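Here is a short report on one protein model. Look over the fold before reading on.

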Amino acid sequence: MYTFTNRFMSDDENSAFINASMMGPNAMRISEEMASYLDIREDMRILDLGCGMGLSTLFLVKKYGATVFAADLWISPAENYERFQSFGIENKAIPISADVTKGLPFAERYFDLLFTVDSYHYYGDTEEMLPSLIPFIKKGGYIAIAIPGIKYEFGDNVPDEMKPWWNDPEVARTIRSLDWWKDLWHKTEGIEIISISEMLCCKQAWDEWLKGTHPVAAEDIEMMEAEGGKYFNLIQLIAKVI
């Protein structure tokens, strides 16, 4: 399933680039698994929302040749443009700055696919967000989202080993279960839910992140050691716009 990612990371220079560019569990590996459930073609226009440093964009352009709008709030378009140039994809990857909570600067029905990895949980946990994104996707197009999650809702019974992190209200708000996301998405009209499932690459994507050079990765090591594979997962949500 991960032919592209494994081959890309087998090159020492590319592997160093991945390590320096991750902002969470390996977005390239996650992208490859989620893309295997989609029919992505060269003639597509894709919105890569919350693209970070562009690993998902790089994958989508390099593997499929699609045109990708790489939108992020935290990483500047200038930085991502330099990265895209270094891989020769600057004619297919368009870096932009966007704050999805304030609206997106695109025409309605502009994209064939909205694709987002490691970011939607920060802003998509309201009943209003998904309906606000649907108008940007063509009828018959898809919304595909991959996010970190937990296997069940903790509620008031947070496991003792997780309490040091769940005392942070941002963590408690954003890291939710598959069933929680399923309930939220089923409230939305205008989509047909195709898949809401746990992803297979969870351990590998997390392990690669924890070996990276981002300072947050070092902070996450203690959390993942405490978690011990008992609670965390990666969640994939795919819906068709109808």
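What does the accessible surface of the protein come to, and what share belongs to carbon and sulfur atoms? The total is about 11100 Å², and carbon and sulfur atoms hold 50% of that surface. The model is predicted.

**Overall fold**

The protein has 12 helices and seven strands. Its radius of gyration is 17 Å, close to the 18 Å that the globule rule gives for 242 residues, so the protein is as compact as a globular protein of that length. Along the principal axes, the C-alpha atoms fill a box of roughly 50 × 45 × 30 Å. Of the 242 residues, 56% are buried. Among contacts with a separation of 6 or more, 78% join residues 24 or more positions apart.

**Two residues**

| Residue | Place | Relative accessibility |

Trp74 belongs to a nonpolar surface patch with Met23, Leu73 and Tyr122. Together the four have about 440 Å² of accessible area.

Leaving out residues up to four places away in sequence, Ile143 touches Leu113, Leu114, Leu130, Ile134, Ile137, Trp185, Leu237, Ile238, Ala239 and Val241. Ile193 lies 50 residues from Ile143 along the chain, and their C-alpha atoms are separated by 9.4 Å.

Note on methods. Residues numbered from 1 in each chain as written. Predicted model: local features only at pLDDT ≥ 70, side-chain atom pairs only at ≥ 80, totals over all residues. Heavy atoms only, no water. Patch = residues over 30% accessible without salt bridge, like charges linked within 9 Å, V, L, I, M, F, W, Y side chains within 5 Å. Areas by Shrake-Rupley, 256 points an atom, 1.4 Å probe, with all protein chains shown as cover. Salt bridge = Lys/Arg side-chain N within 4 Å of Asp/Glu carboxyl O. Helix = DSSP H or I, 4+ residues; strand = E, 2+ residues; numbered from the N terminus. Rg over C-alpha atoms; globule rule 2.2 N^0.38 Å. Buried < 20%, exposed > 50% of the residue type's maximum accessible area, 1.4 Å probe, protein only. Contact = heavy atoms within 4.5 Å.
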